[in-house]
Amino acid sequence: MAVTTDKSERPRSETSESEPRERETPKLFNEYEIHLRGKYGTMKTLRQEGLFGEGLVSINTPLLVNRYNACLEDIGIEPTRLRFFSIDGIGWSPEVAAEKRDNFYLSHGGANQFAIILTPKQYKKPVYFPFYSFTRNLMKKIFDEYMRQIVDITGQTAIWLDIDQELSHYLNPLDLLMVDSIVVHVFTVNDIIQAAEKQRELTRRFMSTDDWFDSELRGQIIESAKAHGDLRFRSVVIPDIPFNDTRCFYTMAFDGIYLFRDVLQHEKSMLILENEELIKEFGEDMGGIFSVSASVLPTRLIFEGLARFDMRYYHKNPDALDIKRECMFVDILSEHYPELRYDKLNMGQKKKFVRQLKHYLPKEFFELERLARQIRSGQVPRENLSYKMIKILMYPNPDLPLSVQDVLWQLITETEPLDIVSLYTYNKSRFFSLYEEWPRTKRNWAVELLRCHYVPRMSE
């Protein structure tokens, strides 16, 4: 073979989504349990290889802890009692989530999300629990456009963000079609932004009119300077920030929904729901609404121009076929030999087990083998592919915007999680939940495979 491996439940009405709830067997990994395993359990190897917990910013001083708590109180959230913890790119902390036993603690329901910025070090850091798939790009935009202000403000205080969709509550999944744009309102713990705006206005009045005779005006300027210092020439004002890249996204609302608009060739919009029970509320004939497990979904994605399975794609990415075949092989091998060290097998030993397990390996394993050989010899395979092979080989339309491709990759790996490199890259929460269930030897193999083939995206 060519690859060398070198949510506590909350009450909910039938159609209302006041707060995100966890399912009995949640797709999303329980971060408040799993981050402890990063030190003591199954996640230890991932952490040692930088595949879990990487990129978190340590909050380990009383000053930063107090600022974080002040932000929580401003938002209306109970402060943490922890003295040391870590945060990701939006200020979400696995340790605080563990303490509160609530992954969604940095929100007031699905339609009301918040973020906290304590330090410029959060720039380009991963977002470990994004309620929306566009959260990372949103934070990057904020840092890119206002880094100077963030550096200045966080030298004195902390920033918290209200990610406003102009909806206070989602009644049903169709409400997501109303999310056309986001406006981020920026606040600081000590209102330094508002104080700077007011101080500058007072100064303009003092300098441009005869109001300099006004003792009350002079007194206001003096009091502002005493309270906040001279803010006239500091870069501390951040206006409301619009964000419009919200036409296609994934959200955790209603147990997980993918939304596509403006990029479809036939439908105006498409909603893909992970909770099949919600599908029943709309009826099977409701156009543009699908279950993530619907058998028609792969062909529908191709029909709408969202996905492709053109074999010429694999001429540029020949290793992708080998990775898929390796993953399929280890899936079967781990069922029959759970204690075998798959990551230590050489080429001859792999061929031996392929022969022994040929009646258990799916026919797609041998189809992938044949396709890989044809591509390496320069041929473009033109054979008819089965439904299963289409699912395995499908990839996002490369002509679509990268943000849309990312959402599609997450959807594709959700429907077909065979390729663990793609799964880890685009759908980490699903990867972690599966990783927990694998035998130790398969986990070791997966870590080695990722170590060789995973390309981090956080620095893009």
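This is a predicted model: local features need pLDDT of at least 70, side-chain atom pairs count only at pLDDT 80 or more; totals for chains, interfaces and linings use all residues.
Residues are numbered from 1 along each chain as its sequence is written, and side-chain values use heavy atoms, with hydrogens and water left out.

Back to the cavity, meaning a set of points on a 1 Å grid over the protein atoms alone where a 1.4 Å probe fits but cannot get out; lining residues have an atom within 4 Å of a point. The lining has 17 residues, and I90, Q113, F114, F129 and F131 lie nearest the centre. Strand 3 (113-117) and helix 5 (135-154) are the elements giving two or more residues to that lining. Helices (H or I, at least four residues) and strands (E, at least two) are DSSP runs, numbered from the N terminus.

Next, A70, which sits in helix 3 (residues 62-75). A70 counts as buried because its relative accessibility is 17%, and buried means under 20% relative accessible area with a 1.4 Å probe, protein chains only. Its C-alpha atom is 9.5 Å from that of T188, 118 residues apart along the chain.

Last, the open sheet: four strands, order 7-8-9-10, mixed pairing. Pairing requires at least two DSSP bridges between two strands. The edges are strand 7 (249-251) and strand 10 (289-291). Strand 9 (residues 269-273) runs parallel to strand 10, joined by three bridges. I272 has F290 in strand 10 as its bridge partner.

Note on methods. On a 1 Å grid over the protein atoms alone, a cavity is a set of points where a 1.4 Å probe fits but cannot get out, and a pocket is an open set with protein on both sides within 12 Å along at least five of seven lines; lining residues have an atom within 4 Å of a point. Buried means under 20% relative accessible area, exposed over 50%, partly exposed in between (1.4 Å probe, protein chains only).
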